[in-house]
Amino acid sequence: MTSAIEIFNSNGIKYRTVRDNQDDLIVFYIHYEPFEYESDEFEIDSYYLASNKLHGLEKTIIETDKNNGVITRVYDGYYKQIFDRAGVGRIFKNNLLCTSDGSNVVLGILVTNGLDKDYDTIPDFVPKCIDCDACLIACPSNAIDGEYERVKCVRNSMDTLDFELNEFAYTGKSILGCNKCRTVCPFNKADYVRPPDIMRDNLKADKFLSDVLNGKKGIAWLTDLIGINYVRPVKMLSLALIAVYNMRYDNCLNYVEKALTHQDERVRRIAKLVLDNYGKN
């Protein structure tokens with residue numbers, strides 16, 4: 001038997017075993033609570049910590065199974081449709097999968113030859129998207145107007161850093177992630193928790209800006225929390241500069257000025273936009 005079942009049971013992780021296109025799959029998810037930040041802290045969506053935890057579990061399962069003669073690997077297809085077909089969740093109009101625990105979840109699928117029976121711990125109840133339009137109204141970039149358009153999504157813009165001044169408000173204080181459509185969904189509980197101590201200490205606006213201007217080594221502390229792929233100084237610095245503009249962090253303007261000479265053109269462009277318009281509204 002694959003080690004996934006034992007690990008999921010001991011960690012309270014909900015899963016379902018299914019057969020899809022001749023493959024035995026274990027579909028599972030980790031539920032997480034959104035973080036609540038203080039006014040002088042930049043924000044990182046708690047999704048990324050949950051995602052890093054999920055990937056760590058997958059690695060442990062795959063390696064343990066290998067040592068026990070079981071072949072297990074990460075599924076390489078489109079996850080949400082599998083979850084939908086398996087009755088684990090439904091794809092809502094904001095393109096997020098909503099489960100019995102809401103949409104504050106990180107999804108995983110493993111393909112394995114180590115299943116000898118069905119194990120099923122996911123409740124049968126799956127919510128159905130209602131016509132409240134809460135996510136559509138809350139989306140700052142109109143990415144859910146009619147149907148979800150990824151190219152308009154704030155998370156997509158955060159990857160490209162293709163922001164104009166009138167779009168700065170989209171990201172608020174966030175330097176990683178947008179959760180506005182999740183926050184307003186009536187199927188998500190309004191439970192917020194404070195982030196880990198290391199994040200509280202290092203996401204203070206002036207400290208983070210000082211650190212991120214030193215490149216990847218300045219924010220290396222993030223690697224264990226969110227994974228190395230998300231620790232991207234150019235992206236985080238650019239969004240931190242926008243946060244300075246949004247929140248009027250006057251004591252951080254000196255860091256914006258330093259960013260004017262940054263080696264990356266995207267950082268320099270955003271820094272100039274911030275300084276040129278900071279006192280105009």
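**Close-up views of a predicted model**

**View 1. The largest cavity.** The largest cavity has a volume of about 80 Å³, the space filled by probe spheres set on grid points joined across faces, edges and corners. A cavity is a set of points on a 1 Å grid, over the protein atoms alone, where a 1.4 Å probe fits but cannot get out. The whole structure holds one cavity of 30 Å³ or more. Its lining residues (an atom within 4 Å of a point) include F92, K93, C129, D133 and F187. The lining divides into nine nonpolar, one polar and two charged residues. Here Ala, Val, Leu, Ile, Met, Phe, Trp, Tyr, Cys and Pro count as nonpolar, Asp, Glu, Lys and Arg as charged, and the others, Gly among them, as polar.

This is a predicted model: local features need pLDDT of at least 70, side-chain atom pairs need 80 or more, and totals for chains, interfaces and linings use all residues. Residues are numbered from 1 along each chain, and side-chain values use heavy atoms, without hydrogens or water.

**View 2. Helices α10 and α12.** Helix α10 (residues 233-247) and helix α12 (residues 265-277) have axes that come within 9 Å and cross at roughly 5°. Axes are lines fitted to C-alpha atoms over the stretch in contact, with angles from 0 to 180 degrees between N-to-C directions. Helices are DSSP runs (H or I, at least four residues), numbered from the N terminus. So α10 is roughly parallel to α12 (angles under 35 degrees). Contact (heavy atoms within 4.5 Å) involves residues including L237 and L241 of α10 and I270 and V274 of α12.

**View 3. Helices α1 and α2.** Helix α1 (residues 3-11) packs on helix α2 (residues 47-67) at about 140°, with axes 9 Å apart.

Terms used: Helix = DSSP H or I, 4+ residues; strand = E, 2+ residues; numbered from the N terminus. Parallel < 35°, antiparallel > 145°, perpendicular 65-115°, else oblique. 1 Å grid on protein atoms, 1.4 Å probe; cavity = no way out; pocket = protein on both sides within 12 Å on 5 of 7 lines; lining within 4 Å.
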